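Reader: I would like to go through this model one feature at a time. Please give the general idea where there is one, then the case here.

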Amino acid sequence: MKQFKHIKLLLTVLTLCLFSITAYSHGVDEETQKFLLGNNGIAFGPFLYIGAKHMITGYDHILFLIGVIFFLYKPKEILIYVSFFTIGHSLTLLFGVLFDLQINAFLIDAIIALSIVYKGFDNLNGFKQLFGKQPNTKITVLIFGLFHGLGLATKIQEFGLNEDGLLINLLGFNLGVEIGQFLALGFVLLIISFWRRHKSFMYFSKTTNILLMASGFVLLAFQLTGFYLSKF
Amino acid sequence: MDNKKVMSKKQLLKSVLIALIIGVLVFVGAVLPASYGKDPFGTGKLFGFDKLYIPNTNNTTINQEHLKIDKLGSDVSVLKPIEVHFPTTTPFSKRTDTIKIVIPAKKGIEYKFKVKKCAQLKYEWFTTNKETVYLDFHGEVKQENPTKDVFYESYLLAYSNNMAGTFTAPFNGKHGWYFRNEYEKDIHLFIILDGEYELFH
């Protein structure tokens, strides 16, 4: 139990550090983008940073993860589910970029928005109640992870990567994504662990998941509008 | 262990409906005015969300990098193939074509045609809504045994929405443009060619 407390403290400190770095470096980020547009070759460091930043500021990914861990109490369970998510998004991130899959970013992000709606609904026990069946949550996390990865792939493709050093840069980005996920998740777990000690957690769990679904709907509308406007 | 609060079917559907309504309200009330400049219920103006909207006019400046000599052509490690010095052969017959291409938002595509060494042609291209694209007008040498890293010569790098020019090919091979669209919307682009070349299809 004590070890868990120390880990929580460490995670808090690490997360706060990264958030402050990100806050200071908004200027740096634009420069990074300029650098990347003109960059040829290996740039492991910058891609690592960008990967981490994408995950931490990727509210659609974070919202999905919040939904996933909302009712997961055992660290082992959390680890299993997050691993499935990680495997899913890593596979499609690498596959999508290496095979230069041309996928519409808006449509993929719309599916990611739906994954948030799904998870909120699932947390309300929606599937059992409405359809009598409970989809295997580990498998759905893996499958939605695949879509999240495709979303990440479209983001990195927007930088117009060149062949030179692609694999190393991509691995850097992937590693950055995992680091970002680790930090964001740590932060979320911290907050949710404190909240779970309160009576209000169960009391507000229904409302929170409704709001989670609502945010998924907002994002869905946002992405579909973007898609429509980009074409017509 | 099932910690989820058990709700009745009716409550569940009500919850989804509430979520949907909240979603629509937030989207139409705030996101639409702030991100897309559309304010159907005046909430954007009321709360000031409309001030966040940056109109995406055709004059929106895209990030234009300073183009340098080093950026021209393939990497220095790729050697100039000997085919560059092959003698002139009979050029392709004269023809003229108008081609339309679509450059998807945030993407780059290539359009190429075939020429023989010393072939001459005139070209014109323009974007339909005057959007600026990044372009690399370049040529790849036609090689007997093509290498993995193809040698190419960049004749012109620029940011533009319209160009016209004449061109005399320095060697046999595929020539044409790489166009890149930095906007959020697809770009429709027309290319007019007139001279001694052949298309790919």
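Author: Start with helix 6 of chain A, which is mostly covered, with 16 of its 19 residues buried. Keep in mind that this is a predicted model.

Reader: Which residues touch the most other members of the largest nonpolar core?

Author: They are A:Ala113, A:Ile116, A:Val117, A:Met213 and A:Phe217, in a core of 59 residues. Two or more residues each come from helices 3 (44-56), 4 (59-69), 5 (75-98), 6 (105-123), 8 (137-157), 9 (166-196) and 10 (200-231) of chain A, and from helix 1 (9-36) of chain B. Helix 6 of chain A gives the largest share, ten residues.

Reader: What is A:Ala113 in contact with, leaving aside neighbours within four places in sequence?

Author: Its contacts are A:Asp60, A:Gly216, A:Leu219, A:Leu220 and A:Gln223. There is also a second, separate core of 22 residues, which includes B:Val115, B:Tyr123, B:Leu135 and B:Leu189.

Reader: How many residues does each chain bring to the contact between chain A and chain B?

Author: Chain B brings 28 residues and chain A brings 29. On the side of chain B, helix 1 supplies the largest share, 13 residues. Sorted by class, that side of chain B has 13 nonpolar, five polar and ten charged residues.

Reader: Now the strands. How do I read the two faces of one?

Author: The general idea is that side chains in a regular strand alternate between the two faces of the sheet. In strand 3 (residues 120-127) of chain B, the covered face holds B:Leu121, B:Tyr123, B:Trp125 and B:Thr127. The uncovered face of this strand holds B:Gln120, B:Lys122, B:Glu124 and B:Phe126.

Reader: Which residue of strand 6 of chain B is the bridge partner of B:Leu121?

Author: The partner is B:Phe167. Strand 3 and strand 6 (residues 162-168) of chain B run antiparallel and are joined by seven bridges.

Reader: And what stands opposite B:Lys122 in strand 8 of chain B?

Author: B:Asp194 stands opposite B:Lys122. Here strand 3 of chain B pairs with strand 8 (residues 187-196) of chain B, again in the antiparallel sense and over seven bridges.

Conventions. Residues numbered from 1 in each chain as written. Chains lettered and ligands numbered in written order. Predicted model: local features only at pLDDT ≥ 70, side-chain atom pairs only at ≥ 80, totals over all residues. Core = buried A, V, L, I, M, F, W, Y, C linked by C-beta atoms within 7 Å. Buried ≥ 20, exposed ≤ 12 C-beta atoms within 10 Å, placed from the backbone. Helix = DSSP H or I, 4+ residues; strand = E, 2+ residues; numbered from the N terminus. Contact = placed C-beta atoms within 7 Å. Nonpolar A, V, L, I, M, F, W, Y, C, P; charged D, E, K, R; others polar. Pairing = 2+ DSSP bridges.
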